[in-house]
Amino acid sequence: MIARLRRTYRGMRLGTRMALGLGALALVVFAVVGTALTTYMRDYLSAQLDTQLGQAQVAQSKNIADYGTLSGKKYYSWFYAVYDVRNGTPELRRPEDPADLPEDVDDFTSLARAQTAAHQEILRTEHLRGAGSYRLRACQVKPGVVLVSAAPLEDIEDTVGQLITIQVVTFALALLALVVFGRRMLRRGLKPLSDMASTAHGIASHDLTESAARLPLRADGRDGGPEVDELRTAFNTMLEHIDDSLAVRAGAEQRLRRFVADASHELRTPLMSVRGYADLFQYAAANAPEERDRHLARLRAEAARMGVLLDDLLLLARLDAAEVETPLRVQEADLAELVRRAADAFRAARPGHPLTVLAGVGPVTLPMDPLRIRQVVDNLLTNAAVHTPAGTKVSVEVALVPGAAEVRVADTGPGIPPEDRARVFDRFYRVDKARSRDRGGSGLGLAVAQSLVHVHGGRIELDSAPGATVFTVRLPVRDVRPADR
């Protein structure tokens, strides 16, 4: 039975449970207040009755002492008994009126005996047979005479009983009103929580498996007070975070799919070339020996190109893997000297693009991986060559700015269209979709450069317009100063 009640209670709504708890607390408070009030009223009325008994006994004692009789009895249903105790044993005198004594006077006699032994007034509550509960008081009227008076407690009991009835009815109505109206107020106060629960159910029913899944639902409203408003704000912030995470996941999935498709496409071309040149080499070995070396050279070139592509993919994967240590060998190196060497190599490999190394600061020594930074500079210079026609001027410069060292690679080519600038650092992305791979490469050069700059704690920026395209590599350092010559 208790277990069933517990299950029923746990199955109730929060507002109902709180209303019942409030009602139980109010019931305890009402019980304490009612008990205290009833006890106080009973004690007060009893004290009043004791006072009346004392006043009546003073008047009757005077009458007995002066006139030897009871006179002036003004209280209905009171009892009076006069005892002669001169012999040490209470002897009841003949009453003036038979109504002055109850049917059983044993309690009166016992009280008179106790007063004689104690020599002081005695108060006692007794239940008199055939009469009910009475308050008895015994006092000495004069030497050898004891008066015992008894006042009924019926009026006190009736008054206390009426008070208890009024309290029960009043408290019951107040408790019922408290539970009913309290439940309504609590349900109204908890309505924002119910709305948030409905929002959560709506989100749960939303399909989040789609790559473009979003959470259009939010907890609205301004009711409920600061606590509920704080919870609503935290709830909406959590939804925003989940929504952003879903957007990031969707973007990552799209990039992964595009990456897999582009990588498959890029690898398929050299693999097909390798297969073709291998077949031609086999044919030439049997039928045209003079063509064999030419086919073998092409086979090696395609294998080398595919190796470079795989090396770039492996490097990007290592840079993206957070659990793998950064593949850098950091040491102090001169950035300006590194750029001059890269410029010399570019002039030798790209004689059709005049390169200018702009006058700048002297040697700048920085903590970096010189091989990786050289790879960044080479990729930017190569990008300037393959995206511009022959004869296009290219320049490179090392500069110092507050807190950083910059390498700027600029060309005077046609520039990059605005719609392509945001994606030039994406993997396998080409501005010219129709150019040959022999001329344009795999589309990984700028992606590799950006990843290497980021892993050094820097950033790479693009500023392009017709006739002026500038890639700026910014490497953060502290207290950058040109090294002494």
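Visitor: Why is Phe171 called partly exposed?

Guide: Happy to start there! This is a predicted model, in which local features need pLDDT of at least 70, side-chain atom pairs count only at pLDDT 80 or more, and totals for chains, interfaces and linings use all residues. Residues are numbered from 1 along each chain as its sequence is written, and side-chain values use heavy atoms, with hydrogens and water left out. Now, buried means under 20% relative accessible area, exposed over 50%, and partly exposed in between (1.4 Å probe, protein chains only). Phe171 has 22% relative accessibility, so Phe171 counts as partly exposed.

Visitor: What makes Phe30 and Phe171 a stacked aromatic pair?

Guide: Rings of Phe, Tyr and Trp (its six-membered ring) pair if their centres lie within 6.5 Å; planes under 30 degrees apart count as stacked, over 60 as edge-to-face and the rest as tilted. By this rule the count comes to 4 aromatic pairs. In one of them, Phe30 and Phe171 are 4.7 Å centre to centre with 15 degrees between the planes, hence stacked. This pair links distant parts of the chain, with Phe30 in helix 2 (residues 14-67) and Phe171 in helix 4 (residues 154-189), 141 residues apart. Helices here are DSSP runs (H or I, at least four residues), as are strands (E, at least two), numbered from the N terminus.

Visitor: Why does Pro389 count as partly exposed?

Guide: Its relative accessibility is 47%, so Pro389 falls in the partly exposed class. Pro389 sits in the loop between helix 9 (370-386) and strand 9 (394-401). Beyond its neighbours within four places in sequence, Pro389 is in contact (heavy atoms within 4.5 Å) with His353 and Pro414.

Visitor: How do you know that the buried residues of helix 3 are on the same side?

Guide: Those residues are Phe108, Thr109, Leu111, Ala112, Gln115 and Thr116. They cover an arc (taken from the directions from the helix axis to the C-beta atoms) of only 165 degrees, which puts them on the same side of helix 3. The face turned away from the buried side of helix 3 carries the exposed residues Asp106 and Ala117.
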